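Subject: Structure handover

Hello,

Please find the structure below.

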Amino acid sequence: MGTLLARATRRTVLAHVRHVRPVAAHRADGLVARVYAQVEQDFGMLAPPVALHSPAPQVLAASWAMLRETLVATGAAGRAAKETVAAAVSVANRCPYCVDVHGAALVGLLPTLDGAGPPVDRLDDGEWGPLSRWARRPSPHGPAGPPPAPPDQLPELVGVAVVFHYLNRMVNVFLQDSPLPAAPPVARGMVQRTAARVMGALARRPRPPGAALALLPEVAPPADLAWAGSTVLAEAMARSYAAIGDAGRQVVPAGVRELVVARCADPQDGPTGLSARPWVDEAVAALPPAERPAGRLALLTAFASYQVTDAVVADFRAHHPGDDALVTVTAWAALTAARRYGPALADVPDAMEPTG
């Protein structure tokens, strides 16, 4: 099923991506081709949340390695539990695209769900309610307590939460609001049910861990990955953190990196009110004028990705025209924000270290 779905959707899924031109599957080579092959084999199709990273190949490999070794690879935590975390985090981050995708996967995995509305809303009072509420915590500051699951599942469940704090931010910037076509409610319901069946079937297939490790070089794990233990997942996350961090140091101005790291680390800081723009504009005022577009884009990605507008992207592109730069800056900012959820969700908040 996965190969047929991948072939059938190759041309259409990349149309979901905005702001950058992802590498088409038939034009991919090198590292991009290796990642695409794994995505199609393991995820069933060339998923737009992964493909959007393709203008920056190392960032693409890192993003896929994190997603594969947390959500897709078979482990101690069942896929339904991991999809619950993915959907819950996506609701918290106002990422309707990911809510639709992982809500459909949940409907396909859990026969008691009928596909009406975001499943996570109906899970809060059921079997998966405690896990959903744990995953949806609004802040990375202060301990959340370990997940309501056996200890051997902690690395996978925390890992999924961290990865979706990252991916939601990227998806909000680069993808349309939903992967489902616009249609009347009856027709949309039929599409949702079909998607649930397909995604549920794909999610049930066993996927051995570790396949994505070869995409990135080995590195020593940073302190804020203590929650992951000595696992394949920890290796994948460490390699991915390093790849995105290295890419960010090459593209993101030092002053912007320092600003974003400091703001993410301060539990008393962050935007208030309906719009993050006044807070962001005040925060970047101390930067040199040429760095303010990058600072504005990075802070909005980290704190309010759903408020990144075409104008914000265009302002950044006036100084950095390449697709690779746009993907790298947003990826670096998204991961800087997302990493802080790992220690908090695993109840080891003192493990966080600077990531600039």
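Helices (H or I, at least four residues) and strands (E, at least two) are DSSP runs, numbered from the N terminus. The model is a predicted one, in which local features need pLDDT of at least 70 and side-chain atom pairs count only at pLDDT 80 or more, while totals for chains, interfaces and linings use all residues. Residues are numbered from 1 along each chain as its sequence is written, and side-chain values use heavy atoms, leaving out hydrogens and water.

Asp 224 is found in the loop between helix 10 (185–203) and helix 11 (232–251). Asp 224 counts as buried because its relative accessibility is 0%; buried means under 20% relative accessible area, exposed over 50%, and partly exposed in between (1.4 Å probe, protein chains only). Its side chain makes a polar contact of 2.7 Å with the side chain of Arg 339. A polar contact is a pair of N or O atoms within 3.5 Å; within protein, one must be able to donate a hydrogen and the other to accept it, and residues adjacent in sequence count only if both atoms are side-chain atoms.

Tyr 241 is in helix 11 and is buried, at 4% relative accessibility. Leaving aside neighbours within four places in sequence, Tyr 241 is in contact (heavy atoms within 4.5 Å) with residues including Asp 224, Trp 227 and Arg 339. Tyr 241 and Ala 62 are 179 residues apart along the chain, and their C-alpha atoms are separated by 7.4 Å.

Which side chain does the side chain of Asn 93 meet in a polar contact? The partner is His 165, at 3.1 Å. Asn 93 sits in the loop between helix 5 (79–92) and helix 6 (96–109) and is buried, with 11% relative accessibility. Not counting residues up to four places away in sequence, Asn 93 touches Phe 164, His 165, Asn 168, Arg 169, Asn 172 and Tyr 306.

Arg 94 lies in the loop between helix 5 and helix 6. Arg 94 is exposed, with a relative accessible area of 53%. Arg 94 is not a glycine, yet has a positive phi of about 55 degrees.

His 19

His 19 is not a glycine either, and its phi is positive, at about 75 degrees. His 19 belongs to the loop between helix 1 (2–13) and helix 2 (30–43) and is partly exposed, at 21%.

Helix 14

Helix 14 (residues 292–304) has 13 residues and reaches 17 Å from its first C-alpha to its last. That is close to the 18 Å expected at 1.5 Å a residue, where the expected span is 1.5 Å times one less than the number of residues. Of its 13 residues, 11 are buried, so helix 14 is largely enclosed by the rest of the structure. Its cover includes helix 9 (154–174), helix 12 (254–265), helix 13 (277–284), helix 15 (310–317) and helix 16 (323–339).

Helix 12 and helix 14 pack at about 25 degrees, with axes 10 Å apart. Axes are lines fitted to C-alpha atoms, for helices over the stretch in contact, and angles run from 0 to 180 degrees between N-to-C directions. The two helices are therefore roughly parallel; angles under 35 degrees count as roughly parallel, over 145 as roughly antiparallel, 65 to 115 as roughly perpendicular and the rest as oblique. Residues making this contact include Val 256 and Leu 259 of helix 12, and Ala 294 and Gly 295 of helix 14.

Regards
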